[in-house]
Protein chains: 2
Amino acid sequence: MSVVGWTRIGELCTADPAAGEGPLGILRDAAVVAVDGRVAWVGPSSDFPDVDVAHDMAGAAMLPGFVDAHMHPVFAGDRAVEFDSRMTGTPYSAGGIRTTVAATRAASDEALAANAARLAAEALRQGTTTLEAKSGYGLTVHDEARSLIAARTVTDETTFLGAHVVPAEFADRPDDYVDLVCGEMLDACAPHARWADVFIERGAFDVDQARRMLEAAETKGLGLRVHANQLTQGDGVQLAVEMGAASVDHCTHLSDDDIEALAGSRTVATLVPGAEFSTRSTYAPARRLWDAGVTVAIASDCNPGSSYTTSMPLMVALAVREMGLSPAEAVWAATAGGGMSLRRDDIGVIAPGRRADLISLDAPSHVHLAYRPGVPLVSGVWRAADRLV
Amino acid sequence: MSVVGWTRIGELCTADPAAGEGPLGILRDAAVVAVDGRVAWVGPSSDFPDVDVAHDMAGAAMLPGFVDAHMHPVFAGDRAVEFDSRMTGTPYSAGGIRTTVAATRAASDEALAANAARLAAEALRQGTTTLEAKSGYGLTVHDEARSLIAARTVTDETTFLGAHVVPAEFADRPDDYVDLVCGEMLDACAPHARWADVFIERGAFDVDQARRMLEAAETKGLGLRVHANQLTQGDGVQLAVEMGAASVDHCTHLSDDDIEALAGSRTVATLVPGAEFSTRSTYAPARRLWDAGVTVAIASDCNPGSSYTTSMPLMVALAVREMGLSPAEAVWAATAGGGMSLRRDDIGVIAPGRRADLISLDAPSHVHLAYRPGVPLVSGVWRAADRLV
C-alpha cells in the first residue's frame, strides 16, 4: 500500500462545489492523502496524518489536473505559413485540413506516435493529466485506424473522427464517403476508439449525414461527440442533444433554442477559446451558457490548423478575458467540466475515491492562472499520485 | 579568449532587415560565432569555423533575446482579488496603485529585491535577456530610492517613476508632490537611475506637471520616458516627442497628429498588449503606427495591477492577434524595437559587435511564437554568450 500526502495547501480547489467555497469548492490550508493512487482523504492541514511520502506545499494552490477533452494530436507537419498568411491577410491558397491529411498519410506510424507523444508531454508540463485524442487526418480506412493506434499510445480517450472532412478523392461523391465511414472504416477503427465524432458544418457534413454516422458508431458501442456551430448557426447542437452525445464542441454560434436544449440535457458544451484566438473568431457565449445551467467545459482543440496550443492555463485566461467566465468558473470548466465531457467520474475533481490527479501552482490562488497570462505557473503534476513534473 | 558558436540554426532571425529576409532579416541554415560575449561573425552553417564551444541547433529557430523595455518589478503583495473582481464585474473598492504602494512601503529592502529577482528569473526563462525596471510604488524619497536600489540588483536599465501617481498624503496638494519629485526625491534617486518617467493621465499628472518633472530629470542627466495616452487621448505623446523622450509607452488612444508626430521623431512607441489584455481595454493601433513609419516596441508592462505577466512570447502573440502586426513585425518590436526604446546599440539585434544575447525555440520558425500561444517554446537563453537557461 502506497500512501502519499500533500499538506499546507494554501488554496485547495477541489472542483466540487459541495466541498467548499464557490464553484471550485475551495478549502484553505488543506491537505490531501492518496492511497494506491486514489484520493482517500481531504481535510485541514492540522489533521494531516502520517504518510509514506509527504509533500509540504508551503501555501501554494493546488487543483485537479486539467482534463483537455478536445485535442487532435495525431498528425504530421505544421501550417505555420498558412497561419502567418491568415494573420496578415495575405492571400494564400491553403489546403487547410487537407494539407495535414496529405502529410499525415505520408508519415510513418512511428512519426505519428512521436508527434502525439510530444504534444502529450508538452500538455503534461502545463498540467494536463487527461487528454482526449482524435483521428481525422487520415481519412482512409488504413490511415484512420493507424491514427487511432497512435492516439492510444498517449491516452485511452481516443475518438474516431473519420468524419472530419470529405477527403479530396471523394469530393464529387460525399455520400460514398459517408458510406465508407459507416462501414469498413468504422469496423477498422471501433476497436481502437472509445468515442466517435462528426464535424457538422457547411463544407464538412450535414445533419443527415452526421446522424447516419453517429447511429452507426453507436451500434458499435462508441460514445458520441460532435463538432458543431463553429462557423455558423445550424442544427448540429440540436442533433447532439437529441442523440445524447456526451459533448458538443465549439458552440460559437448558438441560438436561444440551442442553449435551452443544452440546458435540458446531459450534453456538455465543450468550448475551445484557442481556436477562436488563432482564427480571430468571435468567442463562444460561455457566460450565457453557464447562466442557463449548461455544463461547460473548456479545451485546447490542439491541432496544426486553427489552434496549435496545448496550454490549458491560456485557455483559462482566454475564457475569463474573452468569454466572461470568472477565474473559478473557468478552472472548473477546465477540470470538472472536462471530466464530465468525457463522462468520467474518476477525474476532474479532488475527492475521496477519485484518481489522485493533482497539480500545484507557483502561486497562492487559482486566480493567478488568469491574472498572470502566459506565465508557466504549473510547478508540480501528479497522476494517480505519481509525480510526473 | 572565449569562442562560442551556434550552427545549423534553421531560421536565424537577426532582427536587422538589411541582413536577410523581411523585417526580421532572416537567414536560413545559419551560424553565429561570439568572441568574449560579443557576436563576431554571422554566416552560413557550411562556413562554421572551429570554436571552443559549439551548439548544434539541429534546425531550431534562434532570435535575439527579448528586450522588455517596460516593467514594474519592484513591489510587494499582489492584487489577485482586485483582478478577479474586475473580470467578473463585481464591485470592489480597490485602492489600485495605492494598495501596492502601502504594501511596498511596508516591505523590507530584501523583500523588494527578492520580488524583482523572482520576476527577472521568470522573464529570463521566457527569453527576456534585458529588462527595464521602474520604481513608482514607493512615492516617498526613501521608498523611491530604495526601490531603485532593488531594481539595480536585476538590471542597469532602471527608471525613476516617482511621478507614477500622487500619493494619498498629497491628494489635496499635488503640486507640492511635484515639487518633491523635482527636488529632494530626484536628488536621492538620480544616482540609481538611468531614466525618468512620468505617468500623464487624468488622475495622475497633467502635461505642465510632467514637463516640470521631465526637465528637472534631464538636468540631472537622466534619459526621458513617458506613460501617455493609455486611458484617453491627450497631449502626452506630443510632449514626449517635443522633449525628445526615448520612449512613449501605452499609446492606446492616439490622434492622427500623435502618429504623425511620432513618425517624425526618434521617440519609440512602446506598446503593452498585456495591460490591454488584463484590463479588457481596446488595443493600441500598432498596425497604423508601423505603417506610418513609427518605431514600435512591445513590452510586458509587468506590474501587479494591470498586467501581471512577464511573458514576451505572449506579448508577441497578442500583438499579432489583436494589434495586426505580422509575426515577424511583432518579434522585431520585442527585440530590436525594445533595444531602440532603451537607446541601446548593443542589444536587440544579432550582428557583429552586438552582445551575444540569443534565444533558441523548440520550433523551426519565429512564427510559432504567435502560432502556438501559451506554449513555453523558449528552449535556450544565452546572454553575452553565457548559457542561462
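**Figure 1. The open parallel sheet of chain A.** In this predicted model, eight strands of chain A form an open sheet with parallel pairing. Their order is β6-β7-β8-β9-β10-β11-β12-β13. Strands are DSSP runs of E with at least two residues, helices are runs of H or I with at least four, and both are numbered from the N terminus. Two strands pair if DSSP finds at least two bridges between them. At the edges lie β6 (66-68) and β13 (296-298) of chain A, each pairing on one side only. From one strand to the next, the twist averages 25°. Axes here are lines fitted to C-alpha atoms, for helices over the stretch in contact, and angles run from 0 to 180 degrees between N-to-C directions. Residues are numbered from 1 along each chain as its sequence is written, and chains are lettered from A and ligands numbered from 1 in the order in which they are written. In this predicted model, local features need pLDDT of at least 70, side-chain atom pairs count only at pLDDT 80 or more, and totals for chains, interfaces and linings use all residues, while side-chain values use heavy atoms, with hydrogens and water left out.

**Figure 2. Strands β9 and β10 of chain A.** Strand β9 (residues 195-199) of chain A pairs with strand β10 (residues 223-228) of chain A. The sense is parallel, over five bridges. A:Trp195 has A:Gly223 as its bridge partner in β10(A).

Figure 3. Strand β1 (residues 3-13) of chain A runs parallel to strand β5 (residues 61-64) of chain A, joined by two bridges. A:Leu12 is bridged to A:Met62 in β5(A). On to strand β14 (residues 358-361) of chain A: β5(A) pairs with this strand in the antiparallel sense over three bridges. Here A:Pro64 has A:Leu358 as bridge partner in β14(A). β14(A) and strand β15 (residues 378-383) of chain A run antiparallel, with four bridges between them. The bridge partner of A:Ser360 in β15(A) is A:Gly380.

**Figure 4. The hairpin of β15(A) and β16(A).** β15(A) and strand β16 (residues 386-387) of chain A run antiparallel, joined by two bridges. A:Trp382 stands opposite A:Arg387 in β16(A). Two residues lie between the strands of this hairpin. A:Ala384 takes a positive phi near 45°.

Figure 5. Chain B has an open sheet of eight strands, in the order β6-β7-β8-β9-β10-β11-β12-β13, with parallel pairing. Its edge strands are β6 (66-68) and β13 (296-298) of chain B, each pairing on one side only. Strand β10 (residues 223-228) of chain B pairs with strand β11 (residues 247-250) of chain B in the parallel sense, over four bridges. B:Val226 has B:Val248 as its bridge partner in β11(B). Helix α4 (residues 141-152) of chain B lies across β7 (128-134) and β8 (157-163) of chain B. This helix runs at about 160° to β8(B). Helix α12 (residues 327-334) of chain B lies across β6 and β13 of chain B, at about 80° to β13(B). Contact means heavy atoms within 4.5 Å.

**Figure 6. The relation of chains A and B.** Chain B is superposed on chain A by a rotation of 180° with 0.0 Å of shift along its axis (RMSD 0.0 Å). That is the relation of a two-fold axis. The superposition is by least squares on the C-alpha atoms of residues with pLDDT of at least 70 in both copies. Of the residues of chain B, B:Gly374 comes closest to the rotation axis, at 2.6 Å (C-alpha). The copies meet through the same surface, because 100% of the interface residues of chain B are also interface residues in chain A.

**Figure 7. The largest pocket.** The volume is about 580 Å³. Of its 30 lining residues, B:Ile97, B:Phe199, B:Gln230, B:Leu231 and B:Ser306 are the closest to the centre. A pocket is an open set of points on a 1 Å grid over the protein atoms alone, where a 1.4 Å probe fits, with protein on both sides within 12 Å along at least five of seven lines; lining residues have an atom within 4 Å of a point. Grid points are joined across faces, edges and corners, and the volume is the space filled by probe spheres set on the points. α1 (80-88), α2 (97-106) and α9 (273-278) of chain B each supply at least two lining residues. By class, the lining has seven nonpolar, 15 polar and eight charged residues. Ala, Val, Leu, Ile, Met, Phe, Trp, Tyr, Cys and Pro count as nonpolar, Asp, Glu, Lys and Arg as charged, and the others, Gly among them, as polar.
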